[in-house]
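Here is a short tour for a reader new to this structure. Take a look at the fold, then read on.

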Amino acid sequence: MANVVVIGAGLGGLASGVRLLQRGHCVTLLEKEPRVGGYAVSFRRQKFTFDLALHVVPAGGPGQEFAAMIETLGLSDSVRFIRLRQGFRVHLGDSLFQMPGDYDTLLESLTLEFPAEEKGIRLFRHDLEKYATVYARLFDHRVSGYRSIPPFIPKIPAFLQHSMLPTRTYLQRFFHDERLMAILFQPAVFMGIPMRDFPTVNFMMMFFLLMKNGMYTIAGGGQKLTDCLRERFLQLGGTLLTNTAAKRIIIERKKAVAVRVSDGRQLPCDAIIGGNNLPDMVNNLIGQASFTAGYRRNLETLKPSISVVALNLGLDCSPKKLGMDCHIAMVFPDADIDGCFDKQTSRIEPLGFSITAPGNSDPECIAQGGHTLSLIGGTAPEMWLAVDEAQYHREKERISRELLAMAAARYPGLREHIVISDLATPRTMARYTGNPLGAIMGLNCTAGTHRHILKAAKMPVTNVLMGSAWTNRLGGFMQSVKSGILAAERIQ
Ligand SMILES: Cc1cc2nc3c(=O)[nH]c(=O)nc-3n(C[C@H](O)[C@H](O)[C@H](O)COP(=O)(O)OP(=O)(O)OC[C@H]3O[C@@H](n4cnc5c(N)ncnc54)[C@H](O)[C@@H]3O)c2cc1C
């Protein structure tokens, strides 16, 4: 039995804490904030409850990977996934396409919408199924090397090529129509990476996971998952220290022996799992001196993922009354997704954004927190971090107005039904989680960076492991939980 300190109680830290306790270890979980959950939390304004981060998750169906992790953690009685059968509504300028959440129906609808691309759609389907089924087993933590490696061996050259190949080049092998390619890219737009930089392997996985296996949400929102993990952690006898930041990892002979925390105490340990971000772990907690120049150079090549603004709206009527009758809609100025992302990286104003109406799929959300809408758009985080307090508030007002105007252009009447609005910015997200630039998905995984991320996740201090979005090549709820579980299972 090891004495393990877990740093940070986001989804990764909480999941690793639970898994460690299940395996008989003794666990102290440190969280710098008064509450746990990281991004996976809700907050209240007047009579409304807003869920910050949960919009869509993959693999929540019976026997699928996320559902299996929840079962492993002993939470299948309390965490319930809801299948989103409607898929995405996609606005590209004035054109509207309802992207069904069922794979066969989706490909049929696309063939009807784009008859000239019928052959390409058939070839795309064949290619995707040929590779994605094999790659999915490799990414699935339940499939042992013994079972996943043999079918993977003949696909290794293709895998290496697909991890270097930009999605845009891949899609152009099958299609000519920009609008069709923009629609197919929707399951991957959450990562905020242009098609020309997004690795084909990641696109295949996102498309396969969300469109073939189905899109899900969690009943009660991200906060529900956090609450269940926290309760289970305490039930299994873990020690949770909130308002307690890890300040330094004490290393002796290349092994971590203790963690110094914000109140000055030193907590001795046999191993550490980092549920926090990787740059903080390397630069501040362990310290650069413990890393080779090669490791540091590799980490410097990697950038934090997308940062966003989240405009949360409390309404006096159901979003359905305003024409928003699905779970999630994606809004872009036109089919040029790359152009939109390029502009967003250097400006504060989002151009493309998603609109989620959680109550349309989960009545629990309305019962707990009224009718809400959440608008999420990409933004340049440096600008939010650079402005002074007065300017910050002015920019918040302005961006709220602009986002609202863009949403109201698609859903007229929206403005008249808003009771309250609240904008969360990269500054808010960085402050609460400590994540550089308020990045939401860990490291940016672009074409060719897979191996760099894997390398960065490997700590030279052997009894320190990372268990958060920052070690994963996809990011998000499921990947953070997976990262936490995998780290916990490596502790002897
Ligand atoms: C607006 C928004 C929308 C999103 N939409 C989706 C979505 O639809 N689907 C999806 O799958 N994902 C989504 N995500 C991403 C997802 O929420 C995150 O990838 C995931 O929750 C990250 O979990 P994590 O375990 O890495 O930790 P984080 O949530 O980053 O939490 C890290 C925790 O560690 C703590 N900490 C940091 N440093 C220290 C320290 N030194 N000592 C002690 N504690 C420390 C922090 O306070 C925090 O609680 C969204 C995120 C946002 C913000």
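## Contacts and overall fold

Two residues are in contact if their C-beta atoms, placed from the backbone, lie within 7 Å. By that rule, residues 24 or more positions apart account for 75% of the contacts in the protein with a separation of 6 or more. The model is predicted.

The protein holds 19 helices and 20 strands. Its radius of gyration is 22 Å, close to the 23 Å that the globule rule gives for 492 residues, so the protein is as compact as a globular protein of that length. A box of roughly 65 × 60 × 45 Å, taken along the principal axes, is filled by the C-alpha atoms. Of the 492 residues, 51% are buried.

## Domains

The domain assignment gives domain 1 (3-45 + 60-68 + 220-302 + 443-490), domain 2 (103-213) and domain 3 (306-440).

Domain 2 and domain 3 touch. Here 11 residues of domain 2 are in contact with 9 residues of domain 3. On the domain 2 side, the residues that touch domain 3 divide into 6 nonpolar, 2 polar and 3 charged. The C-alpha centres of domain 2 and domain 3 lie 28 Å apart.

## The shell around the ligand

How many residues surround the ligand? There are 40, and the closest are Gly8, Gly10, Gly12, Gly38 and Gly476. The residues of this shell divide into 21 nonpolar, 15 polar and 4 charged.

Domain 1 and domain 3 each give at least three residues to the shell. Four elements, α1 (11-22), β15 (308-315), α17 (426-433) and α19 (477-490), each supply at least two. Among the contributors, α1 gives the most, with 3 residues.

## A look at Gly61

Where does Gly61 lie? Gly61 sits in the loop between β5 (57-58) and α2 (65-72). Why does Gly61 count as partly exposed? Gly61 has 14 C-beta neighbours inside 10 Å. A residue needs 20 or more to be buried and 12 or fewer to be exposed, so a count in between means partly exposed.

Leaving aside residues up to four places away in sequence, Gly61 touches Ala67, Arg83, Asn213 and Gly214. Gly61 and Pro381 are 320 residues apart in sequence, and their C-alpha atoms are 35 Å apart in space.

Note on methods
Residues numbered from 1 in each chain as written. Predicted model: local features only at pLDDT ≥ 70, side-chain atom pairs only at ≥ 80, totals over all residues. Near = placed C-beta within 6 Å. Nonpolar A, V, L, I, M, F, W, Y, C, P; charged D, E, K, R; others polar. Domains from an automatic or database assignment. Rg over C-alpha atoms; globule rule 2.2 N^0.38 Å.
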